[in-house]
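Please examine the sequence and the three-dimensional structure shown below.

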Amino acid sequence: MRARVARCRADAVMVLRSMLEQGKSLNDALPDKASPLLRELVFGVTRWYWRLREAAIELLQKPLRRNDRDLELLILVGLYQLDELRIPAHAAINETVKACDHLGKGWAKGLINAVLRTYIRRRGEPMSNLSEEALYNHPKWMLTHIRGSWPTFWPRIVKANNERAPMVLRVNGRRLNRTEYLGEIIRRGLGGRIDDLSADGVVLDKPVAVHELPGFSQGWVSVQDSAAQWAAPTLPVKPGHRVLDACSAPGGKLTHILERYPDIGSVLAVDISDKRVAMIRENLGRLNLSAEVRVADAGDPASWWDGRPFDCVLLDAPCTGTGVIRRHPDIKHLRRPEDLTGLVARQSSLLRSRFGLQTLPGVHNVDGFYYALMQKRKSE
Ligand SMILES: C[S@@+](CC[C@H](N)C(=O)[O-])C[C@H]1O[C@@H](n2cnc3c(N)ncnc32)[C@H](O)[C@@H]1O
């Protein structure tokens, strides 16, 4: 048992390395059966990386060698536990020190022990000359962009990006309404409330694994942020309509459309990624809904469109993901400034104008999304 606990710190280091060095997302880098502690360590260090790293640099009397990146990350894992987890300090330090053996660096135990103990001793003292990256806990280029785009709101956005997002559920109105579902939640001993920012949402007091949610496998609910739940009610779908969901995977908005409009004519769901299309099929199956699903490039309709017009098109274009950093803190690490230019060009080619509704984390109590409802003129 003890060995497994120390192993968890070493595993956290390995997952963090594959995110930082190989550019893997945390969801891809974490093993399927990752323990709650492993997830907590990995997400926590990813979220607070810049602040923790600057603390580690200050604590280390001389910088570590290049090939000791694993030890640097182990220190961050140790600091995160001391700051944020309710593990007694001596246990957190002991287990972190033991993890050196699992990393094949038993020689570093004294160093790790000394750094973490010094941290405990000096806790509460202000850190000297905190850089802007550490203060706001974002990469510098991203801060510059957020500040430039949102000169008034940027402090609230970066603060919210560092927080944990609430777990919001979307209740499948074909099965039960959200008041009934909230009753199920409370009967199960989980706290929650009706979401006043969406029509079908319930907000949980504390996030839980989906298998703990009443009726999840029977399709009673899906996990979806309040702002993402605005797409389906915004689409002016009428009975019999033919609808295209052009960038559909994993099918969050698609399944909401199908839940909300039982009299819909037909829906074609398109996505360019076959791996992600499998997720659409899985969600449709779990929710007992049906749609035609195709792996295709929405930008090349000649390759998949039969020429029959659609009454409504949902275009949830690929984006930077910077609106959902509170749920996916790895975006702060994986996104590069050069990604923005390509994505903006791709989106602009899809959207000819920039009206619409922008939500911002920290300003509105939801994830960051952009909505525009466009109607094609008869003559076009
Ligand atoms: C923002 S996500 C869509 C989320 C989805 N609407 C939902 O609510 O679950 C963008 C999706 O666009 C897909 N995509 C990117 N380029 C595409 C293209 N040219 N044609 C179709 N899908 C594309 C990506 O694979 C990704 O699944």
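N137 is buried, because 22 other C-beta atoms lie within 10 Å of its own. The term buried requires 20 or more other C-beta atoms within 10 Å of the residue's own; a residue with 12 or fewer is exposed, one in between is partly exposed, and the C-beta atoms are placed from the backbone. N137 occurs in the loop between α7 (132-136) and α8 (140-149). The model is predicted: local features need pLDDT of at least 70, side-chain atom pairs count only at pLDDT 80 or more, and totals for chains, interfaces and linings use all residues. Residues are numbered from 1 along each chain as its sequence is written.

The backbone of N137 deserves attention as well. Its phi is near 60°, a positive value in a residue other than glycine. Most residues other than glycine have a negative phi, and most peptide bonds are trans. N288 likewise is not a glycine and has a positive phi of about 60°. N288 is situated in the loop between α13 (274-287) and β7 (292-295). Is N288 buried or exposed? N288 counts as exposed, because it has 12 C-beta neighbours inside 10 Å.

A further backbone feature concerns a peptide bond. A249 and P250 are joined by a cis peptide bond, with omega at about 5°. P250 belongs to the loop between β5 and α12.

The strands may be considered next. Strand β5 (residues 242-245) and β6 run parallel and are joined by four bridges. From β5 the chain crosses through α12 to β6, and this β-α-β crossover is right-handed: with the strands pointing away from the viewer, the path from the first strand over the helix to the second runs clockwise. Two strands are said to pair if DSSP finds at least two bridges between them. Strand β5 is also joined to strand β8 (residues 312-314), by three bridges, and these two run parallel. V243 has V267 as its bridge partner in β6 and C312 as its bridge partner in β8.

How many of the nine residues of α12 are buried? Eight of them are, so α12 is largely enclosed by the rest of the structure. The buried residues in α12 include G252, K253, L254 and T255.

Finally, the protein chain is assigned domain 1 (2-132), domain 2 (168-224) and domain 3 (228-371), with bounds from an automatic or database domain assignment. The centres of domain 1 and domain 3, taken over C-alpha atoms, are separated by 37 Å. Nine residues of domain 1 are in contact with four residues of domain 3, contact being defined by C-beta atoms, placed from the backbone, within 7 Å. On the side of domain 1 that touches domain 3, α3 gives the most, with four residues.

Terms used:
Two residues are in contact if their C-beta atoms, placed from the backbone, lie within 7 Å.
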